[in-house]
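Here are my notes for anyone opening this structure for the first time. Have a look at it, then go through the points below.

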Amino acid sequence: MRHIEFRIAAILGMIAIAIHLLPPDYSNAARNIVRDAAAPGLATARWGIARTKAAWESRPTDVITRNAAASPNVSNQVEQWKQRARRLRLQNAKLQGRLDEQAREGISPYPVTSSNPLVQPRLLDARVLGVENTRLWQAGQMIDVGSKRGVGKKALVVQAEPLIDLGRNSKMDDGLPVYAGRTVIGRIVETGRWTSTVQLVTSSKYRGLARLVRKGKQGYTFGAKGILEGQGEKPCRLKFVASNRAVSVGDELYTADHELAHPFYYGRVIAARLPPGAPHWEILIEPALRQLDKLQHVQVLRKDIRVAPSLAN
Amino acid sequence: MLHLAAFLIAYVAFVAQSTLAPMLVVGEARPEFLILAACTMMWMFDDATSIAWVGLLGFLDDCLLSGSLGIGMGTAVFIAFFCISPLRNAARHSMTSTITIAITATCAYPCLTTLIRALATQHALPASNLLTTALLNAAYTVAMGVGSVATIHLILTLPKLRVAPH
């Protein structure tokens, strides 16, 4: 009897080693097949959880419970205000950039009309299928959108909008798109039909083009560009910022994707050192995203190509 | 029929691990539904078949994580092979020994898989967090398992107790 067990364990062990040695494309395909097969179950479970939550929240509550529930609302409001402040700083930096450009090159003699951008960003809501214990293994998070909804590899994943919309309540619409200034969580590295894996900003394999926004005498301005690199844990590192560029602690870091009119937020500079004779700064970035374990909703940025009406016809 | 039930249990455990587990976190402890399913498989099948099912559950655990596959599967088979006989012997004699072995096996799984993954990817091993998190998860999972078994047992025996005086 023991002999049969040993045989089966040995065969399964060899299968496990063979699976481990599979090329990443094959292992990703196998993983996505399993995850996609679980999609109906996941959808049912989500529906059940949402119903239970709704029933729980609609129950009669006493004063103490209502007071206890107020604190998430306050933190949501704080987060919303922070995002609004970032958006305004971005707008400030953009206007400052245009002003500098006009001062440098003069005013155009021809009337300038702005055309619609070719790439139109669209945010897709996604739920985090929290399976990885991020304390132990900060390698990735699974979310419930995949190629079926047009999500491709390297798509940015950002923090979802807090539940309270201060913009509508306080009539403070600044004219910027909703995605501007959102906090970057990571990017998609594997896509299945219905699920995808997010590589977190803190992952040691994460690399992203980033740009600093600095506070100057005349408001906020765009600063140096560099490559944001995860280190497996907080903080991240900003590399390849030339030594002749200005950097200081407190500067904010945003994405530098040329296809997006407005960038996303990475975090802020917590340490900047220029060793004597070094060609680049040594910069540490504190990522804005906190409490990864408690993250439930995210948004995935899908870049849609705008088709001109004449071409569409 | 028993294998179909085992397949359903594995599927439900996979879904629960993805959706319910993050909601049932208490402090730093999180339930491991796939390990609960593995214990159920050990109870349902003979030694050799249960090792095969535990291997499959290890593979499902691999699919939930990013990185290369096979580490969870190999580790689960390894632990099942060495634990199954002591677990069956203990189950006949004492509840305390059974729970101790279950907690040890449940704790060993994340420790070993994390260690192998760290070696395979040359990441730093989160040694300070690893043991405490694994122990907390194991204790929570085993407590949940014992609680579920006790509840089911109570539900099944309660009607008989009510009928007994007549």
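**Notes on the two chains**

1. Let's start with Leu4(B), which sits in helix 1 of chain B, residues 2-19. (Helices here are DSSP runs of H or I with at least four residues, strands are E runs of at least two, and both are numbered from the N terminus.) Before going on, some housekeeping: this is a predicted model, where local features need pLDDT of at least 70 and side-chain atom pairs count only at pLDDT 80 or more, while totals for chains, interfaces and linings use all residues. Residues are numbered from 1 along each chain as its sequence is written, chains are lettered from A and ligands numbered from 1 in the order written, and side-chain values use heavy atoms, with hydrogens and water left out.

2. Now the interface. On chain B, 45 residues are in contact with 39 residues of chain A, contact meaning heavy atoms within 4.5 Å. The area buried between the two chains is about 3800 Å², with carbon and sulfur atoms giving 67% of that; buried area is the accessible area (1.4 Å probe) that two parts lose on being put together, summed over both. Ser66(B), Leu69(B) and Phe81(B) supply 16% of the area that chain B buries against chain A, more than any other three residues.

3. What about polar links across it? There are 0 salt bridges between chain B and chain A, where a salt bridge is a side-chain nitrogen of Lys or Arg within 4 Å of a carboxyl oxygen of Asp or Glu.

4. Which helix of chain B gives the most to the side that touches chain A? That's helix 3, with 9 residues. By class, this side of chain B has 24 nonpolar, 15 polar and 6 charged residues. (Ala, Val, Leu, Ile, Met, Phe, Trp, Tyr, Cys and Pro count as nonpolar, Asp, Glu, Lys and Arg as charged, and the others, Gly among them, as polar.)

5. One pairs Glu229(A) with Arg207(A), their closest N and O atoms being 3.3 Å apart. That pair links distant parts of the chain, 22 residues apart, with Glu229(A) in strand 7 (219-229) and Arg207(A) in strand 6 (207-216) of chain A.

6. Finally, check Phe240(A), in the loop between strand 8 (236-239) and strand 9 (252-255) of chain A. Its phi is near 60°, a positive value in a residue other than glycine.
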